[in-house]
Amino acid sequence: RELGFRTLNIEVPELDLDDGIYVTSVKIGGKDYESVSHYGPRPTFDDDVKILEVHVFDFDRDVYGEDVEVDFLLKLRDVLKFDTKEELIEQISKDILLTKEFFKLRAL
């Protein structure tokens, strides 16, 4: 939220997955949503703890305690360290645009 992008922060055991930014699909309450996800540390904030953060498109409700299923469809890029919060925000915006384009092309 501090960057302007609401995310589901999901505690998961270590995944057999490379750290990175992914195009994902999320199932919440039996409904599928398009999403983009970050898995790994947050080097811009000097945080080495791996976390799964999922930005779900067209979704705005709290789901604390609910089951959430995340399908990883495509890796967009590796986790990067940015010099400023503004650079990170700019990159996240690009990741969102790429992800939305992926889903548009997939629907064709």
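Guide: A polar contact is a pair of N or O atoms within 3.5 Å. Keep that in mind for this predicted model.

Visitor: Which backbone oxygen lies 2.9 Å from a polar atom of the side chain of H38?

Guide: The backbone oxygen of P41 does. H38 itself sits in strand β3.

Visitor: Is H38 buried or exposed?

Guide: Buried means under 20% relative accessible area. H38 has 13% relative accessibility, so H38 counts as buried.

Visitor: Which residues does H38 touch, leaving out those up to four places away in sequence?

Guide: H38 touches G20, I21, I51, L52, E53 and V79.

Visitor: Now take D58. Where is D58 found?

Guide: D58 is in the loop between β4 and β5. Exposed means over 50%. D58 has a relative accessible area of 79%, so D58 is exposed.

Visitor: How far apart are the C-alpha atoms of D58 and S35?

Guide: They are separated by 9.1 Å. Along the chain, D58 and S35 are 23 residues apart.

Visitor: How is empty space found?

Guide: Rolling a probe the size of a water molecule over the atoms shows where empty space is left. In this structure, the largest pocket holds about 870 Å³ of space. Its lining has 39 residues, and F5, T7, N9, E53 and V54 are the closest to its centre.

Visitor: Which element gives the most to the lining of the largest pocket?

Guide: β3 does, with 5 residues. Elements that each supply at least two residues include β1, β4, β5 and α1.

Visitor: How many residues of that lining are nonpolar, polar and charged?

Guide: The lining of the largest pocket has 21 nonpolar, 7 polar and 11 charged residues.

Terms used. Residues numbered from 1 in each chain as written. Predicted model: local features only at pLDDT ≥ 70, side-chain atom pairs only at ≥ 80, totals over all residues. Heavy atoms only, no water. 1 Å grid on protein atoms, 1.4 Å probe; cavity = no way out; pocket = protein on both sides within 12 Å on 5 of 7 lines; lining within 4 Å. Points joined across faces, edges and corners; volume = space filled by probe spheres on them. Helix = DSSP H or I, 4+ residues; strand = E, 2+ residues; numbered from the N terminus. Nonpolar A, V, L, I, M, F, W, Y, C, P; charged D, E, K, R; others polar. Buried < 20%, exposed > 50% of the residue type's maximum accessible area, 1.4 Å probe, protein only. Polar contact = N/O pair within 3.5 Å; in protein donor to acceptor, adjacent residues only side chain to side chain. Contact = heavy atoms within 4.5 Å.
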